[in-house]
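Hi,

Here is the structure I promised to pass on. Have a look at it first, and then read my notes below.

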Number of protein chains: 2
Amino acid sequence: MSFTPVQSDDVAIATIRTLAADVVAKANSGHPGAPMGMAPAAHVLFSRFVNANPKNSKWFNRDRFVLSNGCALQYVLLHLLGYKLSMDDLKAFRQLDSLTPGHPEAGHTDGVEVTTGPLGQGFGNGVGLAMAQAHLAATFNKDGFELIKNYTYVFCGDGCLMEGVASEAASLAGHLQLGNLIVVYDDNHISIDGDTNVAFTENVDQRFMSYGWQVLVVENGDTDLASIHNAIAAAKQEKNKPTIIRLKTTIGYGSKQQGTHGVHGSPLKADDIQALKTKFGLPADQSFYVPQATYDAYAEVAKRGAALEAEWNSLLTAYGQKYPKEHAELVRRIAGGLPENWQQSLPVYKPSDSAVASRKLSEIVLTAITPALPELFGGSADLTGSNLTKVKGTTDFQPPSTGLGSYAGTYIRFGVREHGMGAIANGIAAYGGIIPFVATFLNFVSYAAGATRLSALSGHQVIWVATHDSIGLGEDGPTHQPIETAIHLRATPNLAFWRPADGNETSAAYYSAITSKKTPSVLSLSRQNLPNLEGSTIEKALKGGYVVHEEQSEDLTIVSAGSEVSIAIEAAAKLKAEGIKTRVVSLPCWHTFDQQSEEYRLSVLRSGAPILSLEALSTAGWQKYSHEQYGLPGWGASGPYQKVYEKFGITGSNIASVGKKVVNFYKQKGGPVVSPLVKAF
Amino acid sequence: MSFTPVQSDDVAIATIRTLAADVVAKANSGHPGAPMGMAPAAHVLFSRFVNANPKNSKWFNRDRFVLSNGCALQYVLLHLLGYKLSMDDLKAFRQLDSLTPGHPEAGHTDGVEVTTGPLGQGFGNGVGLAMAQAHLAATFNKDGFELIKNYTYVFCGDGCLMEGVASEAASLAGHLQLGNLIVVYDDNHISIDGDTNVAFTENVDQRFMSYGWQVLVVENGDTDLASIHNAIAAAKQEKNKPTIIRLKTTIGYGSKQQGTHGVHGSPLKADDIQALKTKFGLPADQSFYVPQATYDAYAEVAKRGAALEAEWNSLLTAYGQKYPKEHAELVRRIAGGLPENWQQSLPVYKPSDSAVASRKLSEIVLTAITPALPELFGGSADLTGSNLTKVKGTTDFQPPSTGLGSYAGTYIRFGVREHGMGAIANGIAAYGGIIPFVATFLNFVSYAAGATRLSALSGHQVIWVATHDSIGLGEDGPTHQPIETAIHLRATPNLAFWRPADGNETSAAYYSAITSKKTPSVLSLSRQNLPNLEGSTIEKALKGGYVVHEEQSEDLTIVSAGSEVSIAIEAAAKLKAEGIKTRVVSLPCWHTFDQQSEEYRLSVLRSGAPILSLEALSTAGWQKYSHEQYGLPGWGASGPYQKVYEKFGITGSNIASVGKKVVNFYKQKGGPVVSPLVKAF
């Protein structure tokens with residue numbers, strides 16, 4: 001396929017450039033330079049290559065487009081292509097409650113695949129989108145039925161490539177030979193600090209070749225449309241390597257300040273925009289002007305997309321006739337529904353069942369539910385044997401040529417790349433049809449904090465299996481023992497941080513994680529064995545918090561989570577022997593508990609007696625649910641875990657003694673004890 | 001310098017290998033494989049190259065050694081070289097309160113430069129150590145007085161190289177042409193998931209060449225000591241590039257399981273260790289055996305180190321005679337003392353001074369104190385113009401050949417590499433003589449969470465200038481607006497998170513950050529203008545919390561921080577007009593406030609009236625200091641910041657109305673209102 005320029009090309013490119021300048025100028029905020037520089041590539045890509053239907057942004061086999069250096073370009077393109085984004089929406093760029101917030105947000109604006117802006121994330125998302133495509137293609141395509149065959153296109157800038165998250169994802173993408181991934185790198189030599197030569201002088205071509213990518217260079221990305229076209233075409237030809245196209249552009253092309261960081265993050269001046277429009281043959285006195293020819297040209301693109309979707313729908317129907325079972329499964333997975341009764345395989349425990357580490361309980365759940373949930377697709381950041389995430393019988397997601405697995409394999413070897421893993425998982429979730437899970441030690445979820453917050457903001461269903469979740473990991477010591485990690489994740493909106501106390505709670509955590517289609521979950525799991533509790537059930541745990549040990553007219557309630565709940569119960573027993581009646585509440589998931597009715601919450605953390613919290617982590621945040629807090633005052637320690645628990649007084653006998661102090665203190669204080677949940681507003 | 005093998009070499013290497021195996025076996029926990037594989041390189045490096053004095057681990061011009069894949073090897077070497085680490089300490093590996101915790105911790109064990117174990121961090125630290133050397137050399141060395149001329153040696157494994165933090169640091173190190181940095185990469189093809197071919201198949205040599213490094217390869221790192229020697233010698237010869245030596249080794253060399261991941265993270269079996277000892281000619285029946293010849297050989301190394309230090313001390317004395325001023329300054333900086341009266345340059349504000357963004361206040365402080373504090377050495381992750389961290393007149397830290405600055409320059413262009421920046425800053429702080437500062441948006445400090453927690457654990461004085469610290473950044477929107485970030489950092493032990501409300505508080509935050517030699521500080525700063533408060537002073541703010549607006553017999557106290565304090569004061573004025581007496585407490589730093597006397601803390605957050613917290617972030621954690629909490633219920637929003645504040649009700653009038661609810665609620669409730677700081681234990 002060779003490139004045939006048409007007259008409307010230059011007009012469309014000029015329109016993108018001036019529209020971006022107008023959008024940023026009206027908002028008086030944003031980044032005009034990159035959209036102006038990337039306009040030609042964007043136009044060639046969307047007019048000649050991208051298979052998508054603007055009238056149905058959810059068509060499953062659409063090409064995915066990620067603007068990793070998230071900016072106004074995305075909105076301009078969505079508008080021109082006919083997505084649900086009006087000119088008024090463009091004019092409301094960066095205004096309150098608009099469809100055009102400062103950076104594109106998935107789930108907020110029609111046609112935005114992933115949330116970008118925080119640099120490097122979109123690059124990682126792109127790798128995830130491409131992995132999802134490869135996996136689903138290998139799983140569902142049949143001879144003559146190439147149902148899943150889209151490409152993922154990522155635009156990124158210097159900033160994205162400097163970020164470690166992109167390096168991690170790029171290295172893995174090369175290993176995985178993702179021929180369906182095409183990155184266009186806007187090599188414009190400008191970042192916020194000015195010329196990139198102040199900090200970014202690596203040889204990007206050589207670096208990506210080292211990762212196993214195809215590297216193509218377009219010397220003149222400003223005007224040489226044919227070269228842009230040929231590079232993308234060549235990228236599509238290469239089936240066994242991801243491609244990066246280094247596109248040399250002039251940032252803010254056409255502006256008086258083109259090629260300088262003056263056009264990076266500030267609006268262009270009015271006279272500059274006027275001159276720009278004149279230069280490009282557009283009316284200088286009109287803002288937000290789109291020539292009809294441009295609308296028409298993009299309408300053609302949209303028409304092609306609609307036709308492609310119709311064709312695909314026919315193919316899907318034919319597939320259904322020939323492969324009814326696979327068809328039903330694919331349709332189910334695209335819709336995001338779960339198989340009936342999948343949850344019946346969730347393990348249920350009795351108190352007499354032996355004590356098991358919750359990381360092991362997690363493995364038992366995964367082993368039980370994986371046959372019923374083929375959409376589980378994930379792995380570990382090189383801690384498989386510790387996270388216990390590989391279910392027996394599963395095979396690796398690997399390029400067939402490695403001899404180590406296939407793209408149909410469901411187990412991903414992420415390497416020691418936590419941040420990349422998190423961003424990739426977001427991309428996989430965004431693709432659809434898959435529930436991604438990822439794993440590392442809880443402490444190292446922090447390496448991926450940039451990605452976990454975007455999971456939550458975007459509503460991506462990603463499941464983190466986060467083992468070794470406290471000083472209970474023992475010997476590895478303070479470098480590996482999370483202290484601040486739980487409250488960090490608990491304070492993240494729309495993120496369910498589960499810290500189950502036993503088998504039933506672990507099953508509940510998985511039930512919640514699997515059924516929460518718009519919320520990521522972090523499952524915080526122990527290395528050490530935990531007894532199965534009398535009084536725990538999946539149903540109760542699904543409320544996020546419940547009374548695991550009841551007493552009437554109690555003197556004290558201890559509220560705890562995870563591995564410390566059994567210690568709280570031990571303390572309660574000791575206190576009872578001394579005549580102090582102690583209830584124990586297990587609070588495995590604050591996010592879930594907070595969603596329960598006030599009545600229920602107040603029945604669990606009720607008024608009448610003081611509430612003491614217990615957790616082998618920072619006490620920060622527990623004040624919301626308790627009057628008194630016991631936890632770690634600082635860093636952990638290296639040693640056999642029982643000794644580490646003793647050192648910090650997290651034992652049944654010490655907590656009993658702390659509990660007595662609390663009871664006495666409130667006795668002396670006198671007056672009614674009101675639940676901390678009773679609030680003024 | 002060519003390599004002359006001596007008989008003791010093989011014995012020493014065998015000793016390191018077997019000692020590592022014994023140490024891990026006794027602990028029944030740890031990683032024997034890597035130390036066994038790296039023993040030859042470690043021995044050649046320390047016996048032939050490393051200039052250090054085990055009897056004075058703080059000698060300033062010592063070569064720095066970083067074991068990025070932190071493991072038992074470090075302890076074995078420290079013991080053999082004669083650092084303060086006895087055989088009993090080795091036997092207490094991974095035991096409670098020992099000098100030999102699971103992973104090496106700076107400040108905990110003599111001779112450990114930086115805390116390692118969390119992968120990739122040590123690599124970044126190494127780059128920082130090398131930058132510090134280059135900077136101090138350029139600043140203090142004179143013809144004939146090469147006082148600062150050490151090398152930094154980093155050992156790392158596959159895991160470190162997969163981490164994005166290492167990629168970021170490596171790219172910058174290449175740009176900076178750090179010829180004083182030598183990395184030995186243990187290319188043993190094994191990580192926890194088994195053969196690295198499952199996830200790590202990039203061409204490491206090519207990748208590092210792309211970064212501008214010299215790449216050397218030792219084909220047989222198991223036994224070819226001459227090649228190891230020659231590679232290190234060649235690395236030292238290359239003055240304008242960092243070097244990575246890819247050393248092909250056999251993990252667990254000598255074990256029956258050598259070359260498999262069976263020796264990676266689990267102790268060797270007893271019979272395997274016996275066979276190993278026999279194989280290497282050491283007594284099979286003795287554990288923790290060190291031949292006298294090995295102790296003797298390392299005693300020679302230590303002697304050489306002591307002589308080098310003595311020589312250096314003479315040079316320093318002579319330098320003092322010729323350059324008394326520079327000498328005094330260097331001595332001061334090595335000792336870590338601050339110049340007298342430096343704090344007199346801290347700006348002080350009156351309420352009549354105009355409103356200024358605290359990021360700008362930070363710039364004013366930096367501009368004022370930088371002339372007095374030449375040890376300030378830092379920069380931004382490509383947000384200089386937003387973070388306002390570059391003081392006029394400072395020059396860039398750059399290799400002279402770039403024409404952009406010099407190694408004597410104090411301003412670092414980190415590129416968009418937050419995590420690398422954090423790890424590098426830890427290395428710079430660990431070197432000594434420098435106070436590193438780094439900058440990005442508060443939201444992107446999360447990208448560097450892996451490094452900030454190690455700053456705190458290691459006691460590194462690193463100052464983070466974290467601007468754009470809330471929804472007050474406005475248009476960039478939710479992707480850039482921190483919600484969970486503050487509590488994450490506040491919950492990190494030994495980390496001072498400052499959120500100053502005005503000019504005086506910003507000066508206080510800097511005073512605290514500059515004088516806290518063993519605590520990192522994150523200064524959370526606004527993009528928007530903040531009025532200077534009546535009632536704020538540097539002295540008061542230095543307590544971490546104080547009454548900024550007093551009322552007797554108050555009906556309500558509002559406690560707030562940062563940009564919301566002035567809104568609380570506005571609310572208090574409105575409430576007063578309605579007859580509700582409202583105190584306002586500013587709490588810029590929880591960490592600092594918590595260190596004040598109980599009496600003081602209870603005088604600030606006193607009993608008698610309800611306390612309402614106000615912050616434009618997650619409310620998580622504020623329950624510790626207040627009865628009621630107002631903050632963000634979820635993500636922020638994109639728009640002009642005033643409108644975003646209005647949307648979330650963070651305005652004087654809405655907070656006044658919330659305050660009324662609180663007052664009424666507590667009136668209805670009746671009974672005494674006790675300070676939340678009054679606790680049972």
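Predicted model: local features only at pLDDT ≥ 70, side-chain atom pairs only at ≥ 80, totals over all residues.

Let's start with A:E418, which is buried, with a relative accessible area of 3% (buried means under 20%, exposed over 50%, partly exposed in between, using a 1.4 Å probe and protein chains only). An unreviewed UniProt entry annotates A:E418 as "active site"; UniProt positions are given in the numbering used here, feature names are shortened, and annotations may be inferred rather than shown by experiment. A:E418 sits in helix α15 of chain A, residues 418-431 (helices are DSSP runs of H or I with at least four residues, strands are E runs of at least two, and numbering goes from the N terminus). Leaving out neighbours within four places in sequence, the contacts of A:E418 include A:E168, A:W464 and B:E163, where contact means heavy atoms within 4.5 Å.

Next, A:H460 is also buried, with a relative accessible area of 7%. You'll find A:H460 in the loop between α17 (449-458) and β14 (463-467) of chain A.

Residues are numbered from 1 along each chain as its sequence is written, chains are lettered from A and ligands numbered from 1 in the order in which they are written, and side-chain values use heavy atoms, with hydrogens and water left out.

Cheers
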